[in-house]
Every structure is written in C-alpha cells, then in structure tokens.
Amino acid sequence: MNIILTKDYEAMSDAAFCVMQAVVTRNPSAVLGLATGTTPLGLYARMAEDHRKNGTSYLGVRTVNLDEYVGLGMESDQSYVYFMRKNLFEHIGIPLENTHIANGKAPDLAAECARYNALLDGLQQDIQVLGIGSNGHIAFNEPGTPFGSTVHVVDLAESTVRDNARLFAREEDVPRRALTMGLKNIMHAKKILILANGAGKANAVYGLVRGEVTTALPASILQLHPDCTLVCDEAAASLLSL
Ligand code: PGA
C-alpha cells in the first residue's frame, strides 16, 4: 500500500486532489468511484475550484457512488444523491445522466441491487475514493461482510448509526438500512484512494495498514489490492509509527 502522510485535513485534501486530477487529466472519460461522508468534502471542494478556475472538463466523465440509505432520495437532504449533487456534481458541470447512485427508494430492493451490480460490472472504476469508518468499514460493508460480496442491502452497525447521528436532527432519524457496493465491487477498481483524518480513525487505519487481512476489519482487504493509496493526516496515522 502506498501511504501519503499529511499534516492535517487540508493537506490530506490537497494530496487527494493531486491523485484524482491525474486520473481525470489522463482520461477525460474516466469512471470515478465516489464516496460520501465528511472526509472527501475537501477533495470535492478542490475539484470544484479547479473546474471553475482551470476549466477541467467533466463532460465525458462517469461516476458511480458507493452507497445510499434505504428510503431516502433527492427530496431528503440526508440522502447521498442529494449530498453528491450539492457538494460536487452541480459544481463541475458533469451531465447528471453520467452519475450513478443506487436508488434508495426502489420498490424492489433485490432488483435494485441486481441492476446496480450489472451497471458496475460495465463501468470499472478508474479510481475509487473511499473513507473509512471508525470500525473499519468501507462503504457500508460492516465487520463480518464476506470479501466476495457484491451490491447488497445492509443493516447498519450500531456504531455506524451513532457515528452518522451527528448529521441528523435525532439519532432515531438515521436510517437503519442501506444499499451498498460490496467488497468485490470495490476491489474491482483499477485504483483505490482511501482517505482518513482525525484521531477517531487511528485504530481503523492501523488495522487497514498493519492488521491481519480479516473480515472483522473490512478495510484490511485493501492490502490485497495492487494499486491502493492511503492519504491520511498525522492524527489518523498516530498508531502506525511511520
Ligand atoms: P466520514 O465517514 O467521512 O463521515 O468520517 C467515513 C465512513 O464512514 O466511511
């Protein structure tokens, strides 16, 4: 695993942007695997600023997102489709029909998993951006998820509901289920860019880099990926003794 250690969140976002920028510049029709959460917001702000200032084009780029809450759609400002539009898509001039997210409001969730999985099979990510949960999850693949998993419906771990409660008015409002890419869909990406900041991620980052490869810490599977870059700040890297 390639590790880029940065001082703080802003420097982490700068480094992440450099990796992303290289992919988009090299291939104007790249497939970008994108993530939600607070971690990639600095990266997305830099992509938006670069588009505005330097005119980097996203007209031919396609995107696929990791996950979505069951029951939420564009009408909810907590949905991931809303998050992506407001924090990135509206600022980079990408045609919305080129952006793909599992539909959390699909009446038949099994059929939606199959549809999204087939779509991912045909859209291999040139780069997949990831955050990491404090319990080592990637996307909503919670501890215990099989490494061979594809798109599926998941019951969120209690720790994930608690971590995400800060973004909702009340903890009861956090959806308990989500649609997520499986670990196999993530590992299918040509390149992985995983970001982590803050002391709350230190244990998970240790497991990602130095722990045994185990379903108990889903991110540890990334040790088996041939092109994985971790960009993390000093607080998240504090247990690595780099
Ligand atoms: P965060 O979430 O970026 O909001 O910390 C990361 C994750 O749970 O994957």
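Residues are numbered from 1 along each chain as its sequence is written, and side-chain values use heavy atoms, with hydrogens and water left out. Because the model is predicted, local features need pLDDT of at least 70 and side-chain atom pairs count only at pLDDT 80 or more, while totals for chains, interfaces and linings use all residues.

**View 1. The largest pocket holds about 420 Å³ of space.** A pocket is an open set of points on a 1 Å grid over the protein atoms alone, where a 1.4 Å probe fits, with protein on both sides within 12 Å along at least five of seven lines; its volume is the space filled by probe spheres set on the points. Lining residues, which have an atom within 4 Å of a point, number 24 here, and T36, G37, I132, H137 and N164 are the closest to the centre. Helix 5 (residues 158-164) gives the most to this lining, with 3 residues; helices are DSSP runs (H or I, at least four residues) numbered from the N terminus. The lining comprises 9 nonpolar, 11 polar and 4 charged residues, where Ala, Val, Leu, Ile, Met, Phe, Trp, Tyr, Cys and Pro count as nonpolar, Asp, Glu, Lys and Arg as charged, and the others, Gly among them, as polar.

**View 2. The second largest pocket has a volume of about 190 Å³.** Of its 16 lining residues, D77, Q78, Y80, F83 and L167 are the closest to the centre. Helix 3 (residues 80-92) gives the most to this lining, with 5 residues. By class, the lining has 7 nonpolar, 7 polar and 2 charged residues.

**View 3. Helix 2 (residues 41-54) packs on helix 3 at an angle of about 20°, with the axes 7 Å apart.** Axes are lines fitted to C-alpha atoms over the stretch in contact, and angles run from 0 to 180 degrees between N-to-C directions. The two helices are therefore roughly parallel (angles under 35 degrees). L41, Y44, M47, A48 and H51 of helix 2 make the contact (heavy atoms within 4.5 Å) with F83, M84, N87, L88, H91 and I92 of helix 3. This contact has 8 nonpolar, 3 polar and no charged residues.

**View 4. Helix 1 (residues 9-26) and helix 2 pack at an angle of about 55°, with their axes 8 Å apart.** Y9, E10, S13, D14, A16, F17, M20 and Q21 in helix 1 meet L41, G42, L43, R46, M47 and D50 in helix 2. The residues of this contact divide into 7 nonpolar, 3 polar and 4 charged.

Key:
Parallel < 35°, antiparallel > 145°, perpendicular 65-115°, else oblique.
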